[in-house]
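Below are my notes on the two-chain model, as numbered points. They begin with overall dimensions and end with the contact between chains.

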Amino acid sequence: MKALQPWKIWLVIVVLVGAIIAALPNVFARDTVEAWPDWLPKNQINLGLDLQGGSHLLLEVEVDTVIEERLEDLVSEVRLALRRERIGYRGLGVRDGMVRFTLTDPAQAPLARAQLDEMNPLLPTDMFGIGGGREFTIEDQGQGQGRLAIGFSEEGRAERVRAAVNQSLEVVRRRIDELGTREPTIQRQGEDRILVQVPGERDPSNIKELLGRTARLTFHMVDMDASLADAEAGRLPPGTMLVPSTDPDDGVSAWVVQRRAELSGENLVDAQPSFQDNQPVVSFRFDNTGARRFASLTQQHTGELFAIVLDNEVISAPRIREPILGGSGIISGNFTTESANQLAILLRAGALPAPLTILEERSVGPDLGADSIAAGQTASVIGIILVGVFMALYYGRFGLIADIALISNLILILAALSLLQATLTLPGIAGIVLTIGMAVDANVLIFERIREEMRAGRTPLAAIETGFSQAMRTIIDANVTTLIAVLLLFEFGSGPVKGFAVTLAVGILTSLFTATLVTRLCVLLWYRRARPARLPL
Amino acid sequence: MQFRLVPDETKIRFMRMRFIAMAVSGLLMLGSLVALFYPGLNFGIDFQGGILMEVRTPGAADLGTMRGELNQLGLGEIGIQEFGQETDVLIRIARQEGDEEAQQQAVIAVQNALADLYGDEISYRRTEFVGPKVSEELLQAGVMAISLALVSVLVYIWFRFEWQYGVGAIVALVHDVLLTIGLFAVTGLEVNLTTVAAVLTIVGYSLNDTVVIFDRVRENLRRYRTMPIPDLLDTSVNETLARTLMTSLTTLLALFALYFFGGEVIKGFTLALIWGVIIGTYSTVYIATPILLQLDLRAIGAKAEAKGGADKGPAIEGPGPARRGKAEG
């Protein structure tokens with residue numbers, strides 16, 4: 001009986017008992033498990049969004065917008081610099097992704113270049129001092145004709161994109177946190193994408209609305225002298241712009257406001273929904289700098305109108321009745337309680353550097369999730385019973401041993417998924433059911449081999465020994481091939497399909513353990529007691 | 001109370017059937033290829049982009065009214081079908097012209113139209129939207145995964161056995177993959193992300209089956225040195241027949257439980273797997289093994305033997321069961 005080494009018996013016992021303890025939390029409600037003493041494992045299997053309900057959104061940061069805006073800013077900077085140095089130029093503007101202009105006097109090219117070089121920022125270096133190039137490249141196009149072009153350097157562009165995506169990630173996180181949902185996942189994906197997963201949210205349109213706005217808030221003085229009619233006909237006073245109004249109380253469809261923003265949302269420290277004269281409003285507070293600027297602005301312009309602009313729309317244009325020195329104010333506009341609340345959230349969380357596009361959306365309601373869990377459980381139980389009964393009928397006593405292995409396998413899978421904190425999805429449940437069918441394969445291989453060995457005239461014990469060792473090689477070969485397919489599935493699959501790959505892979509590995517150790521142990525223990533002259537196989 | 005699926009010792013002449021089997025398989029593969037173009041695959045939103053909604057209405061859903069209402073929105077092709085039970089409806093909206101924003105507008109338009117019909121009493125069980133960018137990437141990833149799977153198992157078989165076995169295995173796998181895709185084309189079953197999972201699982205399963213028989217062929221080559229190859233292949237298949245059928249049966253039992261009780265969402269996935277298990281088992285016996293006939297197995301066996309053999313591991317390790325001396329602990 002050399003095959004019955006005590007350490008193997010102990011290994012099986014320890015692993016199985018450990019697995020039962022690790023799988024136990026899944027049988028109880030979450031609240032019950034929370035109350036357990038600390039030394040017990042409390043990890044429950046993570047349910048995927050398709051099982052617990054929730055929303056999955058894949059967003060793309062429109063980085064082109066960021067790049068374009070930066071180039072537009074650069075145009076103003078270049079204009080200022082050239083004027084300051086009295087360098088004549090013409091045709092300054094953004095064309096084909098570069099800021100271009102032509103010098104009136106090509107001889108001034110070196111002077112112009114010096115100015116441009118000065119405003120070409122150095123990029124930050126990483127911890128090894130690598131990087132640190134310039135943000136832009138400056139080219140002199142057309143020999144000696146003074147045609148200059150400024151564009152992003154490769155690193156400059158990458159750095160911009162990186163910063164914009166990081167900032168977007170941060171803003172998205174703050175906005176989602178404001179919803180107060182449990183355990184949202186917000187991750188960067190690839191270069192310019194953000195994955196948002198929010199469990200349990202019944203209506204994803206709520207989240208989409210929250211993420212669908214850049215929420216850039218700016219304060220502008222209204223040009224009191226300009227006539228709206230002129231402006232709409234395209235005759236705007238220099239340095240002003242026409243912005244449509246969303247507040248019907250304004251009595252006008254649009255406002256002519258100064259291009260320059262006096263203050264912006266970045267100066268806010270807080271925003272809350274509240275009520276004024278029974279109307280929903282948003283109250284806000286400036287930081288120190290903002291408060292000082294707001295105070296001097298309201299002192300200088302008492303009696304005039306200023307416009308509060310959100311994403312290129314005037315949401316309110318109140319008159320400054322008296323200087324506001326306390327650094328806080330109220331935005332009243334065409335709000336409902338809900339939209340006031342939403343604006344407050346957006347202002348608190350800050351503006352997105354660029355709009356977000358929804359590339360993919362998958363939301364599952366909690367009731368469908370619950371239905372799927374119930375269906376998965378029913379299918380698993382029926383699957384186990386069918387396979388178990390079939391094995392017992394076919395292999396008799398040995399079939400019962402295979403059934404013990406089958407149940408151990410199931411416990412091991414649940415334990416492994418709980419410990420790994422892997423996510424169980426609906427295809428994942430299918431993976432478990434499939435494993436139930438396929439895991440008995442190892443036992444079938446072993447038993448069939450033992451039958452053959454008996455037919456070849458071996459004694460029961462020899463037949464068992466040879467059966468196991470001969471079948472083992474085949475079992476490993478056969479399972480490695482399945483594992484290869486499963487690994488690829490994990491690598492290329494997404495979401496729920498990944499969950500299928502995980503359970504199938506775990507199931508294959510645990511079935512190797514149960515088939516080789518658990519089955520073998522049971523067979524040998526039984527044999528030692530019964531000592532049959534013929535195996536009942 | 002025990003029973004046998006097959007008698008203990010069968011002597012079925014599988015190899016004799018090989019020409020019939022190959023003709024049948026050839027025809028089926030040809031048919032699958034044709035079906036791939038006509039009627040073609042019914043790609044779901046994962047690979048084509050578009051919108052899918054599963055809604056539950058308060059009573060039995062009136063599909064006609066819903067169809068009429070939604071078709072007025074001018075969103076192009078809208079598919080409406082009952083899903084599992086009469087209160088549940090699956091709505092498919094084809095990918096909209098334009099960018100991602102246009103798709104979102106369509107979702108909102110449909111939700112508004114349904115709200116007009118049912119008010120608050122309609123519940124959205126599932127809303128899925130896949131934009132053109134992502135659907136293209138998913139399709140690429142799916143094709144990539146299946147191709148890589150075929151290549152890597154070929155390499156594995158090559159490494160573990162000899163190249164002849166690799167050829168047999170890969171032809172059988174291509175056969176299985178093609179027939180599975182054919183099933184999708186002929187039945188119009190939706191091709192989505194889980195289809196890729198199903199195909200890869202079938203690849204794994206079918207190979208598993210093939211490896212078991214090849215293992216036995218390799219063993220028998222050493223055991224019966226003078227037996228003609230066709231007889232030897234027949235013997236190998238016969239010896240493993242009980243196991244082949246038994247494993248297919250238990251897997252099918254589990255899959256049928258899943259098909260009938262696992263819910264509407266994964267029915268297509270399960271159906272593909274059931275089909276895959278059946279053709280995977282068939283192809284192992286009638287495609288993978290007969291191909292070994294065309295390749296000179298005995299030569300490689302002899303070559304490995306001549307090398308005196310520590311290199312290929314199991315290919316030359318240990319005698320067959322009848323002559324085996326030591327038992328491993």
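1. Chain A has a radius of gyration of 35 Å, whereas a compact globule of 537 residues would have one near 24 Å. The radius is taken over C-alpha atoms, and the globule rule is 2.2 Å times the number of residues to the power 0.38. Along the principal axes, the C-alpha atoms of chain A fill a box of roughly 110 × 70 × 40 Å.

2. This is a predicted model, in which local features need pLDDT of at least 70 and side-chain atom pairs count only at pLDDT 80 or more, while totals for chains, interfaces and linings use all residues. Residues are numbered from 1 along each chain as its sequence is written, and chains are lettered from A and ligands numbered from 1 in the order in which they are written.

3. Chain A is split into domain 1 (6-51 + 367-530), domain 2 (63-158) and domain 3 (212-359); such bounds come from an automatic or database domain assignment. Between the C-alpha centres of domain 2 and domain 3 of chain A there are 32 Å.

4. Of the 537 residues in chain A, 41% are buried (20 or more other C-beta atoms within 10 Å of the residue's own, with C-beta atoms placed from the backbone). Chain A contains 15 helices and 19 strands; these are DSSP runs numbered from the N terminus, helices being H or I of at least four residues and strands E of at least two.

5. One open sheet of chain A has four strands in the order β3-β4-β6-β5, paired antiparallel; pairing requires at least two DSSP bridges between two strands. Its edge strands are β3 (89-95) and β5 (136-141) of chain A. The twist from one strand to the next averages 15 degrees. Six bridges link β5(A) with β6 (residues 147-152) of chain A, and A:Thr137 lies opposite A:Gly151 in β6(A).

6. The contact between the chains takes 70 residues from chain B and 69 from chain A, where contact means C-beta atoms, placed from the backbone, within 7 Å. On the chain B side, α7(B) supplies the largest share, 14 residues. That side divides into 39 nonpolar, 17 polar and 14 charged residues (Ala, Val, Leu, Ile, Met, Phe, Trp, Tyr, Cys and Pro are nonpolar, Asp, Glu, Lys and Arg charged, and the others, Gly among them, polar).

7. Strand pairing also crosses between the chains: five bridges join β18 (residues 356-364) of chain A to β5(B), running antiparallel. A:Glu360 faces B:Val130 in β5(B).

Key: Two residues are in contact if their C-beta atoms, placed from the backbone, lie within 7 Å. A residue is buried if 20 or more other C-beta atoms lie within 10 Å of its own, exposed if 12 or fewer, and partly exposed in between; C-beta atoms are placed from the backbone. Axes are lines fitted to C-alpha atoms, for helices over the stretch in contact, and angles run from 0 to 180 degrees between N-to-C directions.
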